[in-house]
Amino acid sequence: MNKNYYAILMAGGVGSRFWPVSTQEFPKQFHDMLGTGDTLIQKTFQRLSNLIPKENIFILTNERYNDLVLEQLPEVKQRQVVLEPAMRNTAPCILYASLKIQKENEDAVMIVAPSDHWIEDEQTFSENVQQAFDFCSQNKALMTLGIQPSFPNTGYGYIEFDKTSNEDIKGVNQFREKPDYETAKEFISQGNFLWNAGIFMWSVKSVIDAFQNNQPELYALFEQGIPAYNTSLETEFIKENYPKAENISVDYALMEKSKNVYVIAAEFDWNDLGTWGSLYDKLDKDAENNAVVHARTLVEDAEGNMIRTKNDKIVVVDGLNDYIIVDKDEVLLIFPKSKEQNIKKVLQNVKSKFGEQYG
């Protein structure tokens with residue numbers, strides 16, 4: 001494997017739309033959401049390690065999840081766990097990790113990937129990433145993997161690429177925010193729009209140059225820590241300075257402002273597993289089109305449900321269609337799939353009425 005290949009695995013989110021399984025203390029990336037025997041972060045680590053040396057995979061997460069990361073990824077050393085003392089979106093943590101990697105290897109080429117995505121064809125994923133790495137090694141480029149839209153989804157941002165290009169790697173004209181339904185239909189009809197999957201590739205030199213040019217204040221804040229990074233002084237510097245960072249996404253901080261942005265249309269099946277409905281779409285179904293994880297079910301006149309319990313719990317469902325049924329410890333959720341975007345709000349109401357320990 002190429003010792004210059006690195007990964008930043010993003011594992012700091014809470015995943016509140018997967019409540020009650022995903023909570024602030026134990027978020028979705030540390031759960032076996034698909035019922036495969038591996039948690040989402042374990043699946044992502046394994047996928048990245050097909051191309052990238054395991055010791056070069058850095059896990060970016062909140063400091064409260066440090067022990068969970070080391071427990072679920074026993075091959076990972078503490079040096080690879082990059083801890084955020086405060087939640088500041090993706091730009092600050094990517095800059096912080098990039099400066100650490102540059103200090104270790106200034107020839108590094110890296111991928112930034114979320115820890116909770118579902119990717120079916122891992123071989124094709126590796127081939128697409130290798131193609132991007134080859135390009136980024138030779139060019140000052142910021143790259144992303146875009147997903148071919150299968151329907152006018154309003155839950156994703158979109159990437160508009162140069163439709164005049166016949167190359168696999170295309171220049172990006174602009175990033176578009178999450179559209180309404182009619183705008184999403186228009187994007188798809190134009191034929192040069194991809195879903196933004198939040199997967200990025202670049203050389204460490206290119207991304208740090210981009211931070212210097214586009215986010216000089218943010219860069220100046222983290223530049224002060226260069227002497228401390230990868231030493232015993234790092235933790236103290238980060239605890240003191242990280243909370244001062246602007247809360248800003250890497251999309252807005254760099255990708256929307258830079259001119260040297262390119263995209264590859266991914267050739268693998270992808271799902272961001274953002275909601276119970278998206279998980280339902282990717283799971284095998286029984287004869288009644290119910291998706292079941294861990295439960296033993298007896299269903300009568302019940303179709304299209306997402307059912308998840310602790311191992312081997314017996315669930316009897318009669319006369320219920322298109323519902324999310326999730327049983328976890330002291331919480332039972334029975335909720336229409338059509339209203340799943342409201343689960344975040346329901347969680348806030350539950351915490352307000354019954355206490356923070358339920359979220």
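K54 is partly exposed at 34% relative accessibility, a class that lies between buried (under 20% relative accessible area) and exposed (over 50%), computed with a 1.4 Å probe on protein chains only. The model is predicted, so local features need pLDDT of at least 70 and side-chain atom pairs count only at pLDDT 80 or more, while totals for chains, interfaces and linings use all residues. Residues are numbered from 1 along each chain as its sequence is written, and side-chain values use heavy atoms, with hydrogens and water left out.

**Salt bridges**

K54 has E75 as a salt-bridge partner, with 2.6 Å from N to O. A salt bridge here is a side-chain nitrogen of Lys or Arg within 4 Å of a carboxyl oxygen of Asp or Glu. K54 sits in the loop between α1 (40–48) and β2 (57–62), and E75 in the loop between α2 (66–72) and β3 (81–84), so the bridge ties together parts that are 21 residues apart in sequence. Helices (H or I, at least four residues) and strands (E, at least two) are DSSP runs, numbered from the N terminus. E75 is partly exposed as well, with a relative accessible area of 46%.

A salt bridge also links R79 and E104, whose closest N and O atoms are 2.8 Å apart. R79 belongs to the loop between α2 and β3 and E104 to helix α3 (residues 90–104), so this pair ties together parts that are 25 residues apart in sequence. R79 is partly exposed, with a relative accessible area of 36%, and E104 is partly exposed at 36% relative accessibility.

In the salt bridge between D329 and K328, the closest N and O atoms are 3.5 Å apart. D329 is exposed, with a relative accessible area of 54%. Salt bridges with shared partners join K310, K328 and D329 into one network. The structure holds 16 salt bridges, including those tabulated here.

| Salt bridge | N to O distance |
|---|---|
| K54 and E75 | 2.6 Å |
| R79 and E104 | 2.8 Å |
| D329 and K328 | 3.5 Å |

**Cysteines**

A disulfide is a covalent bond between the sulfur atoms of two cysteines. With a disulfide taken as a pair of cysteine sulfur atoms within 2.5 Å, the count is 0 disulfides. For C93, the closest cysteine sulfur is that of C136, 19 Å away and too far for a bond. C93 is buried, with a relative accessible area of 2%. C136 is likewise buried, with a relative accessible area of 2%.

Helix α1 is mostly covered, with 7 of its 9 residues buried. The buried residues are L40, I41, Q42, T44, F45, R47 and L48. Their cover includes β1 (5–10), β2, α2, β4 (109–114), β5 (118–119) and α4 (122–138).

Two packed helices are described by the angle between their axes and the distance between the axes. For α1 and α4 the angle is about 55 degrees, with the axes 10 Å apart. Axes are lines fitted to C-alpha atoms, for helices over the stretch in contact, and angles run from 0 to 180 degrees between N-to-C directions. The two helices, α1 and α4, are therefore oblique to each other; angles under 35 degrees count as roughly parallel, over 145 as roughly antiparallel, 65 to 115 as roughly perpendicular and the rest as oblique. The crossing of α1 and α4 is right-handed, meaning that the near helix is turned clockwise from the far one by less than a right angle. K43, R47 and L48 of α1 make the contact with E122, F125 and S126 of α4, where contact means heavy atoms within 4.5 Å.
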